[in-house]
Amino acid sequence: MDLSSDFLFVLCQRGAESALKRMLCRPALGLRSAYQRPGLVTFRSASTVTPATPLHTPLARAFGMSLGSVADLAAAQAVVARLPAPLRLHVVEPEAFRPGEAPPLHAPGALAQHGEQALRAAMPNSFLPGSAAREGELVLSVLVAAGDPIMLGLHVHGAGRSPWPGGGYPYELPPDAPSRAYGKIEEAIAAFQLPVRAGDRALELGAAPGGTAYALLRRGVHVIGVDPGAMAPQVLSFTGPGGAALSHLQISMNATRIEQLPEQLEWLLMDVHLPPQIALRGVRRFASAFRHSLLGAVLTLKLNDWSFVDSLPSFLQQARELGLCDPQARQLPAHRQELCIAGLTALGERRLAKL
C-alpha cells in the first residue's frame with residue numbers, strides 16, 4: 001500500500017476546530033480544511049503527506065496522514081490488512097464534552113474500547129501489545145464516534161508527541177482533587193518532560209482552589225501558592241513526602257513582594273485570569289528574581305478570544321526572555337479555552353540530562 005496521501009487528520013479539543021483552522025489554513029502552509037466533526041478536522045495538502053509529515057500547532061492533540069473513512073470495523077480491517085505489520089493501535093473516541101463539563105453519569109471511551117477489542121480479536125498479528133507508542137513506530141489511529149464513519153490515520157511516533165491514544169497522558173485523579181488544575185500540571189509534567197522531583201520548591205501564581213498545588217504536594221514538592229481566593233481545606237492540611245506543605249499568600253500576583261518568598265525556587269507556575277500579554281508581563285519579576293535557581297516554568301494562558309493564537313510567536317518570545325531555553329506551547333486534554341507555555345532554563349536542562 002502506498003503510504004502517502006493528499007490529506008492529513010488533526011485531533012483537537014472539542015470547540016477548538018475553528019481556531020485550529022485559523023492557525024493552519026494559511027497560504028504558506030498549503031492546507032485547506034476538508035472535513036470536520038467535533039474534535040476532528042481533516043486538511044487537504046498542496047504537498048504530499050506521509051506518516052512522518054510534521055505539523056506545528058499547539059492545538060493538535062494527535063495528527064497524521066489520513067487514510068480516509070470507512071463504514072464499519074469490517075471495512076477498517078480490509079485497510080489494515082494492506083498496511084505494514086505490526087502496528088501500534090490507537091482507537092480514539094473524540095471527547096463529547098470539554099473538561100469538567102460532562103454530566104455526572106457520562107462514561108466516555110466505551111466505543112473506543114469495543115473497537116480496539118474487536119480489531120485485536122479479528123487481526124491478532126497486526127498490532128503490537130499495549131497502547132504506548134515508542135520512537136519510530138508506525139501508529140494506526142482509528143477514530144470512532146456514534147453515528148459517524150470511522151476515520152483512519154497513520155503517523156510515525158517521535159519527540160513532541162504523546163505516546164498515548166488521542167494525545168492523552170494517563171494519571172490517577174484523586175477523588176478529593178479540588179479542581180481540574182490537578183490534571184493540567186500532571187499532563188504538563190509528562191508532555192514537556194519536566195524533571196520535577198521531591199524536595200523542589202514551586203511558586204504558583206493563581207493557586208486557588210489548589211488543584212496544581214495538591215498534585216505537586218503529592219510529589220513531595222513544597223508549594224507557595226499566591227491567590228486572593230480561598231484554598232481547599234484538604235490542600236491546606238495536606239503533608240506530602242518529605243514534609244511537603246502549602247504556604248498560602250492570600251494576595252494577588254501584583255501585590256506579592258519578592259521579600260515574602262523563599263530565597264530559592266525551582267519552579268514557577270502561573271494560571272491567572274488575565275489576558276495573556278498582561279499575565280506574561282506580570283510574571284517577569286518573579287522569573288528575574290529567581291533566575292539563579294529556577295529550573296523551569298509552566299505558564300497557563302487564558303484564550304478568552306481564540307484570536308490570541310495569532311500572537312503565539314510573541315508569547316513564546318516573552319517566555320524566552322524569562323530564561324526558558326526552548327519554550328513550547330500546547331493545549332493539553334485538561335485545558336478548556338486555554339493553553340500552556342512551558343520549558344526549562346539552562347539549569348533545568350542540565351538536571352534533565354542527568355536523568
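**Note on helix packing, cavities and backbone features**

1. H4 passes H5 in a right-handed crossing, a crossing being right-handed if the near helix is turned clockwise from the far one by less than a right angle, and left-handed if anticlockwise. The contact (heavy atoms within 4.5 Å) is made by Ala181, Tyr182, Ile185, Glu186 and Ile189 of H4 together with Gly211, Thr212, Tyr214, Ala215, Leu216 and Arg218 of H5. These residues comprise seven nonpolar, two polar and two charged; Ala, Val, Leu, Ile, Met, Phe, Trp, Tyr, Cys and Pro count as nonpolar, Asp, Glu, Lys and Arg as charged, and the others, Gly among them, as polar.

2. The model is predicted: local features need pLDDT of at least 70 and side-chain atom pairs count only at pLDDT 80 or more, whereas totals for chains, interfaces and linings use all residues. Residues are numbered from 1 along each chain as its sequence is written, and side-chain values use heavy atoms, with hydrogens and water left out.

3. The axes of H4 (residues 181-191) and H5 (residues 211-218) come within 6 Å and cross at roughly 55 degrees. Axes are lines fitted to C-alpha atoms, for helices over the stretch in contact, and angles run from 0 to 180 degrees between N-to-C directions. Helices (H or I, at least four residues) and strands (E, at least two) are DSSP runs, numbered from the N terminus. H4 and H5 are therefore oblique to each other; angles under 35 degrees count as roughly parallel, over 145 as roughly antiparallel, 65 to 115 as roughly perpendicular and the rest as oblique.

4. Helix H7 (residues 276-289) packs with helix H8 (residues 312-321) at an angle of about 5 degrees, their axes 10 Å apart. H7 is therefore roughly parallel to H8. Pro276, Gln277, Leu280, Arg281 and Arg284 of H7 meet Phe315, Gln318 and Glu321 of H8 in this contact.

5. The largest cavity has a volume of about 100 Å³. On a 1 Å grid over the protein atoms alone, a cavity is a set of points where a 1.4 Å probe fits but cannot get out, and lining residues have an atom within 4 Å of a point; points are joined across faces, edges and corners, and a volume is the space filled by probe spheres set on them. Of its 14 lining residues, the closest to the centre are Ile185, Thr212, Leu269, Val298 and Thr300. H4 gives the most to this lining, with four residues.

6. The peptide bond from Ala208 to Pro209 is cis, with omega near 0 degrees.

Notes: 1 Å grid on protein atoms, 1.4 Å probe; cavity = no way out; pocket = protein on both sides within 12 Å on 5 of 7 lines; lining within 4 Å.
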